[in-house]
Amino acid sequence: MSWSRILVLLVGIVLILGLLLWFLDSLSRLYFRIAFSSPLLGNLFLLLLIVLLVALIATLIYYSILFQRPGQRTERPLPQAPEQKTEAAEASLRAIRQQVAQIQDEVARQALVDRALEIEESLSRRELQVVVFGTGSAGKTSIVNAVLGRIVGQVGAPMGTTAAGETYRFQLKGLEREIFITDTPGILEAGVVGTERERLARQLATEADLLLFVLDNDLRKSEYEPLGTLAEIGKRSLIVFNKIDLYTEADREEILARLRQRVHRFIDPSDVVAVAARPQAVPLESGELFQPTPEILPLLRRMAAILREEGEDLIADNILLQSQRLGEKARQLIDAQRLQQAEKIVDRFQWIGAGVISVTPLPVVDLLATAAINAQMVVEIGKVYGCEINLDRGRELAISLAKTLAGLGIVRGAIELFSITLQTNVATFLVGRAIQGVTAAYLTRIAGKSFIEYFRNNQDWGDEGMTEVVQQQFQLNRRDEFIKGFVQEAIARVVKPLAEP
């Protein structure tokens, strides 16, 4: 501080002290004058001064606490995000248990139960999972060995060697939680075995709290795809540029700059680190080989900083992600199960409708005539998808869809299609009744398939409405290979019974 400022400060302090002394002297003179003339008023005046002094002190204390800077506070509120995410994961696991009870496939149900138990155990242990991911030649195993070799703390033996890699347990100073680091199989390997190994590696990568994506050069397109996919699901990643001892300093900096530019959308520049996990041996003048020390400290520092600062969030995010993915898998299994059940209902009702029309033929094929049958079909499909609708509502939906089929010309088109097909496969005297029955079955099938989509979409026809759904089902069910099989089954179910005496 300059002498001029010190002088101004001293003058200010002297003036304030002088004014304070003058003020106190004035109050004491006033008090003695009042007390001399009236002792009672003097005591009241003294009491008032004391009250004002206490109020002034209390005000100063209050505002000093109120305006205290955040760095000076004695207590800081703990972050609530991990707790909220953990609660969300617990809620998701509870929902999964309810979903699993609906799955009929015992093998699939048990697999989901086992996976849910694994997530629940992870939720209770809250260990940190670090996964090393990349091509087979990038030096993943060297990274793991270098990390474990430089860790100050306990390092455990492999937890088990499988086709999916090796996992080690270790601890970092300043971090109470145990950390698991997994070396995965290489990606982008040729052949069926390579494809299976990559699938396992990707599965492990999606379960990581922190992902170490190892490269030994600039990022290739084939490597960018899995990295981008993992980033899209929110996977926290570090890019580890390995084998920097093979490059000149200029080339190394150029590659680092390109890497940071390529991944800047989803990875911070500070999360791209350069290492030499297993430097090449250097020949000495004596002819011996000198093995340099691994350059792994940049990775260790960045990894330790992330795990210490973000560890709780990373665990919570990962557990929530795993529970949501498991929930989605359960929903897919349930949807496939419901779809199979609903298609059996459609298959049954299409031949029921065909039998009714064949036995009591009408002048023209009219889906409205089978509205009662289709209404019952709608009710049963609704039950499969957990939608309880009555028969009146089912009839209303069936009639509405029948009008849509007629309005789109699908009824006429189906009649023409099966007239041509059946004339070459059915006796002449049966052609008329067969055409009506088979066409009714076909239209009932399109209607049933359309209602399946309606219930799968939570009783909503979607943005394009019923017309778009019906047209899509018509296009899917008019392919040559399907029509051939459908006609053969129709002949067996509809035409042959008609020919029997």
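This is a predicted model: local features need pLDDT of at least 70, side-chain atom pairs count only at pLDDT 80 or more; totals for chains, interfaces and linings use all residues.
## Overall architecture

The protein contains 15 helices and nine strands. Of its 501 residues, 40% are buried. Among contacts between residues at least 6 apart in sequence, 72% join residues at least 24 apart.

As a general point, an α-helix has 3.6 residues a turn, so residues three or four places apart point the same way.

## Helix α10

Helix α10 is formed by residues 371-384, 14 residues in total. From its first C-alpha to its last it reaches 20 Å, close to the 20 Å expected at 1.5 Å a residue. After α10 comes glycine 386, which has a positive phi, near 75°.

Is α10 largely enclosed or largely open? Because 10 of its 14 residues are buried, α10 is largely enclosed by the rest of the structure. The buried set comprises Ala371, Ile373, Asn374, Ala375, Met377, Val378, Val379, Ile381, Gly382 and Val384.

## Lysine 449 in helix α13

Lysine 449 is located in helix α13, which runs over residues 428-456. Its relative accessibility is 14%, and because buried means under 20%, lysine 449 counts as buried.

Which residues does lysine 449 contact, when its neighbours within four places in sequence are left aside? The contacts of lysine 449 are then with Glu343, Val346, Gln473 and Asn477.

## Threonine 293 in the loop between β9 and α9

The loop that holds threonine 293 lies between strand β9 (289-290) and helix α9 (297-359). Is threonine 293 buried or exposed? With a relative accessible area of 55%, threonine 293 is exposed, since the category requires a value over 50%.

Threonine 293 can also be placed relative to alanine 277. The two residues are 16 apart in sequence, and their C-alpha atoms are separated by 8.5 Å in space.

Methods: Residues are numbered from 1 along each chain as its sequence is written. Side-chain values use heavy atoms; hydrogens and water are left out. Helices (H or I, at least four residues) and strands (E, at least two) are DSSP runs, numbered from the N terminus. The expected span of a helix is 1.5 Å times one less than its number of residues. Buried means under 20% relative accessible area, exposed over 50%, partly exposed in between (1.4 Å probe, protein chains only). Contact means heavy atoms within 4.5 Å.
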